[in-house]
Structure formats: C-alpha cells, structure tokens
Amino acid sequence: MERGKVGGRHGRDETEEERADRRFSDLLQELRVAQTGVQILFGFLLTVAFQPRFTELSGTDRTIYTVTVLLGAATTGVLVGPVSFHRMLTGRRLKPQTVTWASRLTMLGLVLLLCTMGSALLLILRFVVDDAHAAWLVAMMVAWFVICWFVLPVWTRMKERPKG
C-alpha cells in the first residue's frame with residue numbers, strides 16, 4: 001500500500017476524536033514557539049516605558065510605542081485563548097470544535113504578531129536610521145514575515161493539492 005494512503009484515500013486511519021487530539025497536540029507545540037517569542041517581545045516592550053530616556057520620545061514615537069504595547073497585549077491574549085478554550089470545554093465532547101476555534105485564534109495571533117513586530121521594528125529603527133529608511137526597512141521585514149508565515153504555506157498547500 002502506498003505510504004499515506006489508507007483504504008484508497010489519503011490520510012491517517014483515525015477517528016474524528018483521535019484526529020482532534022492529534023491536531024490539538026500539534027497546535028499546542030506551535031503555540032509554545034509563538035508564545036515564547038511574544039512573551040519575550042512583550043516583556044521587553046513593558047520595560048521601555050521605565051527607561052530614563054523614555055520621556056525624550058517624540059509624540060509620534062510615544063504613539064508608536066502605545067500601539068505596539070497594545071498589539072503585544074492583544075497578541076498575547078489571542079495566543080493564550082486556545083488554552084482557555086481547552087480548559088473550559090474539556091470533558092464536554094467538543095474537541096473538534098475546540099481545535100477549530102484554537103486554530104482560528106492562532107492564525108489571528110500570527111497576524112497580530114506580524115503587526116506587533118512591524119510596529120516594534122518601526123519604533124526601534126526610527127532611532128537607528130532616518131524615518132524614510134526605517135519605513136522601507138519595516139516594509140521589507142513585514143513582507144518577509146508575510147512570505148515565510150503565510151505565502152509559502154498557502155503556496156505549498158495549493159501546489160500539493162491532490163489532483164482529480
């Protein structure tokens with residue numbers, strides 16, 4: 001029998017509950033990676049306001065900082081959401097629905113993380129290079145994240161879609 005093919009179809013031979021368990025386990029591993037990065041970035045952002053030079057920030061930089069912190073908080077909330085979903089729905093035989101919502105929250109978390117990263121980069125790069133260069137560098141990095149996080153997976157999914 002061809003690898004990956006079960007009973008004439010592609011995939012694993014598993015029940016809906018087994019599939020949900022596997023998918024949720026996979027999702028939790030992915031969330032661990034994303035949450036670690038978000039926690040480090042958010043922790044760094046929280047300390048910035050307590051630095052002596054923070055009072056020297058321009059109004060624009062304070063606005064960028066405020067938006068960045070709020071995006072970081074929103075990202076943290078969304079990426080912790082699947083844990084809450086799981087905890088509140090455990091034992092209610094809703095694992096497939098839990099996995100679906102957890103997956104949606106994770107995708108939203110990635111979009112918010114993209115925005116947080118872009119905003120944080122803009123804040124930092126405005127100190128390092130002139131504003132025009134900062135904007136271009138941020139745009140290039142955001143494009144890079146979009147390619148790595150969204151375009152390549154979607155392209156691979158479309159390319160590998162079963163024919164017929």
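Me: Where does R93 sit?
Reply: R93 lies in the loop between α2 and α3. This is a predicted model, by the way.

Me: Ok, and is R93 buried or exposed?
Reply: R93 is exposed, with a relative accessible area of 80%.

Me: What's up with the phi of R93?
Reply: That phi is near 60°, which is a positive value in a residue other than glycine.

Me: Speaking of glycine, where is G91 found?
Reply: G91 is also in the loop between α2 and α3. G91 counts as exposed, at 75% relative accessibility.

Me: How far is G91 from V78?
Reply: C-alpha to C-alpha, G91 and V78 are 23 Å apart in space, and they are 13 residues apart in sequence.

Me: What about V80 and R32, how far apart are those?
Reply: V80 and R32 are 48 residues apart in sequence, and their C-alpha atoms are 9.9 Å apart in space. V80 is in helix α2, and V80 is partly exposed, with a relative accessible area of 39%.

Me: Switching to the inside. Which residues make up the largest nonpolar core?
Reply: There are eleven: L41, F42, L45, V48, F54, L57, I64, Y65, V69, A120 and L123.

Me: Which helices supply at least two residues of this core?
Reply: Three helices do: α1 (16-48), α2 (59-89) and α3 (95-128). α1 gives the most to this core, with four residues.

Me: Why would residues like that gather?
Reply: In soluble globular proteins, nonpolar side chains tend to be buried together.

Me: Pick one of them. What does L41 touch?
Reply: Leaving out residues up to four places away in sequence, L41 touches T116, M117 and A120. A120 is itself one of the residues of the largest core.

Me: What's in the second core?
Reply: The second core is separate and has ten residues, among them A20, L31, A34 and V99.

Me: And on the outside, which residues form a nonpolar patch?
Reply: F44, I124, F127 and V128 form a nonpolar patch on the surface. Together they have about 400 Å² of accessible area.

Me: Which helix gives the most to the patch?
Reply: That's α3, with three residues. F127 lies in helix α3.

Me: New topic: charges. How many salt bridges does the structure hold?
Reply: The structure holds seven salt bridges. Side chains of opposite charge can pair when their charged atoms come close.

Me: What does R126 pair with?
Reply: R126 forms a salt bridge with D61, and their closest N and O atoms are 2.5 Å apart. This pair links distant parts of the chain, with R126 in helix α3 and D61 in helix α2, 65 residues apart.

Me: Is D61 buried or exposed?
Reply: D61 is buried, with a relative accessible area of 8%.

Me: Which residue forms a salt bridge with K159?
Reply: That's E160, with the closest N and O atoms 3.9 Å apart. K159 is partly exposed, with a relative accessible area of 47%, while E160 counts as exposed at 54% relative accessibility.

Me: Which residues are joined into one network?
Reply: E14, R22 and D26 are, through salt bridges that share partners.

Me: Why don't C148 and C115 make a bond?
Reply: Because their sulfurs are 16 Å apart, which is too far for a bond. A disulfide needs the two sulfur atoms within 2.5 Å.

Me: How exposed are those two cysteines?
Reply: C115 is partly exposed, with a relative accessible area of 35%. C148 also counts as partly exposed, at 30% relative accessibility.

Note on methods: Residues numbered from 1 in each chain as written. Predicted model: local features only at pLDDT ≥ 70, side-chain atom pairs only at ≥ 80, totals over all residues. Heavy atoms only, no water. Buried < 20%, exposed > 50% of the residue type's maximum accessible area, 1.4 Å probe, protein only. Core = buried A, V, L, I, M, F, W, Y, C linked by side-chain atoms within 4.5 Å. Contact = heavy atoms within 4.5 Å. Patch = residues over 30% accessible without salt bridge, like charges linked within 9 Å, V, L, I, M, F, W, Y side chains within 5 Å. Areas by Shrake-Rupley, 256 points an atom, 1.4 Å probe, with all protein chains shown as cover. Salt bridge = Lys/Arg side-chain N within 4 Å of Asp/Glu carboxyl O.
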